[in-house]
Structures are given as structure tokens and as C-alpha cells.
Amino acid sequence: MRALRPIVQNLIGLFVDDGSLAAVILAWIALWGVVPQSAMAVPARWGGVIFFLGLALILIENVLRTTRRRRLNVPG
Amino acid sequence: MLAAFLASLVEATEALTVVLAVGTVRGWRPALVGTALALVLLLVLTATLGPALQNVALARLQLVVGVLLLLFGMRWLRKALLRAAGVIPLHDEEAVFSSEKRSLSQAGLSTTFGLDTIALVAAFKIVMLEGIEVVFIVIAIGATSGHLLAASMGAAGAVLVVAALGLVLHRPLAVIPENSIKFGVGVLLCAFGTFWSGEGIGLAWPGDDWSILALVAGFIAISAVGALLCRGRADDPTRAT
């Protein structure tokens with residue numbers, strides 16, 4: 001059974017490395033799933049583009065934050 | 001098929017390093033038996049989960065698989081980007097090989113069915129750990145796009161290439177540009193994940209399926225910008241204060 005533990009941990013780790021990155025991505029997807037597009041005042045054909053730009057921004061913010069933390073030797 | 005092939009190439013290379021260390025230090029029989037057992041288990045997983053997922057309603061499957069692919073792809077892309085910017089060190093197969101050899105030679109001896117247990121478990125574990133990532137990509141991309149066989153063939157092809165190279169060279173494949181491949185796979189998975197999760201929540205994509213290519217280009221551009229910004233911050237000492 002001990003040999004299976006890292007496999008299970010790896011299974012979770014497949015999707016979650018930096019918890020905050022995973023959480024913000026899920027929140028962004030949930031926002032689009034819950035709030036009607038009309039309420040966001042986004043033209044229908046631009047929905048996908050804005051969805052992508054949000055994800056791009058999430059990635060950039062995360063790597064910049066990680067870089068700053070590494071420079072300052074802040075754990076996490 | 002390309003994403004499955006490249007992902008499998010990276011994971012098989014990492015697994016080969018440890019299997020080679022096990023074989024060199026503890027003997028080839030337990031190393032090969034452990035590897036074979038894990039490969040059989042991974043094949044069974046793919047053969048059962050893949051076709052089962054193809055029976056799930058497409059919209060629901062696209063959303064679930066899209067979200068998982070996006071999380072998985074973003075993780076790879078983030079790591080590749082941070083490595084490319086020099087924020088975290090590159091993966092060094094030679095260093096892993098030496099460290100594995102050292103720890104394996106210090107481990108005690110116990111046997112199971114006449115085979116060295118430590119060696120058997122070490123080989124089994126690494127092939128399962130790395131293989132599960134490949135199985136996920138094969139199933140996710142294959143089942144959602146309806147190309148499960150092509151994705152499986154891509155992954156199997158990469159395993160055969162790495163195994164053949166390992167057999168000939170008998171050393172870790174340190175020359176494989178692992179971070180660049182990881183970056184490429186991360187971009188592909190993010191593009192598919194964004195497209196499918198967007199479809200799953202009812203978003204319209206300009207150009208329908210063709211927008212996947214635009215997403216690939218978009219993620220490449222964003223990653224290039226991200227790497228530049230990170231490198232700038234990593235080099236600039238005034239940013240730390």
C-alpha cells in the first residue's frame with residue numbers, strides 16, 4: 001500500500017501544482033459558467049477571446065508572483 | 001497524436017533514467033519485471049477508461065476534460081516558463097541518474113518471488129508515476145476528439161523510441177530538450193483545454209475548431225511574454241525590494 005501513496009499523490013499533483021493557480025482558473029471558468037454572458041456585456045462572438053485573455057492574464061500574474069517569491073526566498 | 005507523442009517522450013525519458021539506475025545497480029530482471037507490470041496496468045487503464053468515456057455525452061465530457069486539460073496544461077506551461085526564465089532549475093537527467101544510483105546502492109536487500117523487492121518497486125513506481133500522466137493525456141484528448149487509437153499510437157510510439165534509445169545507449173537521454181517539449185505540450189494542452197472548457201460552458205469561438213490554432217498561437221505569445229518578464233524580474237535586483 002505504501003507504494004500506492006505516491007501514485008495517488010501524483011494523481012492529484014497532475015492538476016494542482018500551485019494551488020492558487022488552480023483555484024483562480026477554476027473560479028474564472030465558474031464565473032463564465034454561472035454569470036450569463038449578456039450580464040457581462042460581452043458580445044457573443046467575443047466570449048471565447050475574452051475567456052482566453054483572462055486565462056493568459058492568470059498565467060502571467062502567477063509566474064511573475066512566483067518569480068518575485070523565489071527572489072525573496074518566500075516559501076510557497 | 002502529436003501532444004500524446006511529445007508528452008510520452010518526456011515522461012518515458014524520465015522513467016528510463018530511473019529504470020536504468022535500477023537495472024545498473026540492482027539487476028535487470030527486477031527492473032524489467034517492474035516496468036512490464038506497470039506498463040500492463042497502464043494499458044488496462046487506457047483500454048477500460050478510454051472507451052468508457054467515449055460513451056459520455058459530448059458537452060459534459062468536453063467541460064470536464066477541458067477543465068482538467070487546462071489545469072494540467074497550465075501546470076506544465078508554468079513550470080516550463082519558469083525554467084526557461086531561469087527562475088527554477090532545468091531538469092537534469094544525469095543528476096537524477098547519479099542520485100538514484102546512490103540511494104539504490106545504499107538500500108538493503110529483500111526478495112519477493114525471487115526478485116529484489118526494492119528494485120521491483122522502484123521500477124514499477126516510476127513507470128506508473130510517469131505513465132499516469134501519459135494515460136491522462138491519451139484518454140482526455142483521444143476520448144474527446146474521437147481519436148483514442150491515434151493518441152494511443154502516438155504515446156506507444158514515443159515509449160518505443162525512448163526504450164530503443166535506452167537499449168542502445170545504456171545511459172539517460174540527457175540530450176532530449178525536455179523543457180522545450182514540455183513547453184510545447186503545455187501550449188497544446190492549454191489550447192485544447194481552453195477550447196473544450198469554453199465549448200462546455202457555451203462560449204462561441206470565432207472560426208469554430210480553427211480557433212484552436214489561434215489559441216495555440218496565443219499561448220505561445222503569452223508564454224514568450226511571460227518568460228521575458230520573469231527573466232527581467234529575476235535579473236533586476238531592484239525588484240526584490
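**Helix packing in chain B**

Modeller: B:L61, B:Q62, B:V65, B:L68, B:L69 and B:F72 of α3(B) meet B:F136, B:A140, B:A143 and B:T144 of α5(B). By class, that contact has eight nonpolar residues, two polar and no charged ones. Helix α3 of chain B covers residues 58-84, and its axis lies 10 Å from that of α5(B). The packing angle is about 145 degrees. The crossing of α3(B) past α5(B) is left-handed.

Now take a second pair. Helix α1 of chain B (residues 2-26) and helix α6 of chain B (residues 148-169) have axes that come within 8 Å. They cross at roughly 35 degrees. Here α1(B) passes α6(B) in a right-handed crossing. On the α1(B) side, the contact is made by B:L2, B:A4, B:F5, B:S8, B:L9, B:A12, B:T13, B:L16 and B:L20. On the α6(B) side, it is made by B:A151, B:G154, B:A155, B:G157, B:A158, B:V159, B:V162 and B:G166. The class count for this contact is 12 nonpolar, five polar and no charged residues.

Next, the core. The largest nonpolar core has 87 residues. B:V19, B:L77 and B:A123 touch the most other members. Helix α5 of chain B, residues 117-145, supplies the largest share of this core, with 19 residues. Look at B:V19 in particular. Beyond its neighbours within four places in sequence, B:V19 contacts B:A31, B:T35, B:A123, B:I126 and B:V127.

Chain B also touches chain A. The contact takes 41 residues from chain B and 35 residues from chain A. On the chain A side, the elements that give two or more residues are α1 (5-13), α2 (19-34) and α3 (47-72) of chain A. Of these, α3(A) gives the most, with 17 residues. By class, the chain A side has 22 nonpolar, seven polar and six charged residues.

Last, confidence. The mean pLDDT of chain B is 86, and 97% of its residues reach 70 or more. Among the elements of chain B, helix α7 (residues 178-200) has the highest mean pLDDT, 90. Strand β1 of chain B (residues 111-112) has the lowest, 78. The model scores ipTM 0.85 and pTM 0.81. Where pLDDT is low, the predicted coordinates should not be read in detail.

Key
Residues are numbered from 1 along each chain as its sequence is written. Chains are lettered from A and ligands numbered from 1 in the order in which they are written. This is a predicted model: local features need pLDDT of at least 70, side-chain atom pairs count only at pLDDT 80 or more; totals for chains, interfaces and linings use all residues. Two residues are in contact if their C-beta atoms, placed from the backbone, lie within 7 Å. Helices (H or I, at least four residues) and strands (E, at least two) are DSSP runs, numbered from the N terminus. Ala, Val, Leu, Ile, Met, Phe, Trp, Tyr, Cys and Pro count as nonpolar, Asp, Glu, Lys and Arg as charged, and the others, Gly among them, as polar. pLDDT is the predictor's confidence in each residue, from 0 to 100. A nonpolar core is a set of buried Ala, Val, Leu, Ile, Met, Phe, Trp, Tyr and Cys residues joined through C-beta atoms within 7 Å. A residue is buried if 20 or more other C-beta atoms lie within 10 Å of its own, exposed if 12 or fewer, and partly exposed in between; C-beta atoms are placed from the backbone. Axes are lines fitted to C-alpha atoms, for helices over the stretch in contact, and angles run from 0 to 180 degrees between N-to-C directions. A crossing is left-handed if the near helix is turned anticlockwise from the far one by less than a right angle, and right-handed if clockwise.
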